[in-house]
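Could you look over the aromatic rings in this one with me? I've jotted down some points as numbered notes.

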Amino acid sequence: MLTAVSLVAAALIAVPSAALAAALPRTGWTATASATGGGDVPARMLDGDSSTRWSTGVPMTSGQSVTIDMHASQTIDQITMDSAGSTTDYARGYQVFLSSDGADWGAAVASGTGTAPLVSVSFTARSARYIRVVQTGSTSWWWSIAEFNAYNSGPQQPSGLSPNVHLFYYPWYGSPAVNGGYRHWQQGGHNPPGDIGANLYPKLGAYDSGDLTRVVSQQMAWVRQSGAGVIVYSWWGQGSYEDQLAAGVLSVAAQNGVKVAWHLEPYTGRTAASTVADINYINARYGASPAFYRDAGHGNRPAFYVFESLRIADWTALDQVRASSIVLAQTTDTSKVAHFGGMYTYDGIAGATAPGWQNAAAYCKANGLVWAPSVAPGYIDDRANPGNTTPTLGRANGSTYDTEWNNAIATSPSWVSVTSFNEWHEGSVIEPASSNPPAGFGYETFQGAYGTTGAASESAYLDRTRYWIGRFPGA
């Protein structure tokens, strides 16, 4: 069935429904409406059954609306409203709005006139959690929708998630509601939830990394939005807080098709021998999870990044696990990687100038090692570490991140690692930051990044990560 529509963003000719990209999965989506006729409840437009419907139960008048909550931010550029067997019940006029928070809707992204049961509306791709359609026409017929779908058909975006782009992920946060007290947010002498040890404020607030439903599920949806297929889980030893949360994060990651690699942190007493024991422990304890990352291009082996590997001089013990695991040293010094299976950098400040990257890349290529340079959108830790002398690396509305991605891609890496998904203390996050943080603390925002403002700016770095994945030949 063909439908002609006019759009605010651009003109669109009618297309057959068969030409549409695959609809986004609607698991967990909910719908509400300004009016409902009897048993024709809004949930029916999401039930996958075109023989059921939502309807107003009254004639179409301007101002009636339906709102879809996808329960996670998604990048979309098209919707369809199919009234199916109710062939006269299509919207006579409509406006489409998108929102990240269900409160700030901004201007309509599209508007037009429906002429047939299948109304298909395209617009410039945007990240949003909520979709609202306002009916603007009038007729004696009811407004009915048998099936409502949303799409992301942008050709500039890679399909699926990249197994070769890895986001450093920190599960060390806690809150009174889940953990019994705040963890990490108070760093630097701060008083959460409004006053935290970070220069940016999370869209999710001072959250708890153990809150699988509200926090981790949303984070995994955001990881998917970025196009990255792997998180690198900050792990602080057997029995640590982070170790205790790992199984839950793996479970939620698996539900979202996200894989988990490991960031072995410098806990007190770490040695080369204890690192080998840790690798064996992680493989045995978590290796059966469908989310456990293994690189098909390197012998189907799991990945372990060793933070501050230079603290230990002799890594001979790694020979015990080298055949079964990829273990990366944090350095570009090729004289410090004996017994390791790869190199990464982590340092977001250094990524702006990439010192030693080409030499490290050439060494890894010549010796069959993984090269995984790290890129960051910026760095600032003034609130977390008052009085520190660490340089600040400004985001420059996104140009810093672009520079670092260009630097990484120029070395033809095996993987690109991103510093970071959510290291809030260092201000290196791509996880959404609030565009309207608590007042009086001097928080920065992502406003202006890549020309975005308001709620749209909050996910700017997720969307830019996907952009760069589309330009990374190794993705």
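Here are my notes on ring pairs, a ring cluster and charges over rings.

1. Before anything else: this is a predicted model, where local features need pLDDT of at least 70, side-chain atom pairs count only at pLDDT 80 or more, and totals for chains, interfaces and linings use all residues. Residues are numbered from 1 along each chain as its sequence is written, and side-chain values use heavy atoms, with hydrogens and water left out.

2. The structure holds 33 aromatic pairs. Rings of Phe, Tyr and Trp (its six-membered ring) pair if their centres lie within 6.5 Å; planes under 30 degrees apart are stacked, over 60 edge-to-face, and the rest tilted. One of the pairs is Phe307 with Tyr346, edge-to-face at 5.2 Å centre to centre and 75° between the planes. This pair links distant parts of the chain, 39 residues apart. Phe307 is buried at 17% relative accessible area, and so is Tyr346 at 7% (buried is under 20%, exposed over 50%, partly exposed in between, with a 1.4 Å probe and protein chains only).

3. Next, Tyr450 and Tyr461 pair edge-to-face, with 5.7 Å centre to centre and 70° between the planes. Tyr450 is partly exposed, at 25%, while Tyr461 is buried, at 1%.

4. Which residues form one aromatic cluster? They are Tyr169, Tyr233, Trp235, Trp262, Tyr281, Tyr286, Phe292 and Phe421.

5. Now the charges: the charged end of Arg92 sits over the ring of Tyr90, 4.0 Å from its centre. Arg471 does likewise with Tyr467, at 3.7 Å from the ring centre. "Over" needs NZ of Lys or CZ of Arg within 6 Å of the ring centre and within 35 degrees of the ring normal.

Conventions. Helices (H or I, at least four residues) and strands (E, at least two) are DSSP runs, numbered from the N terminus.
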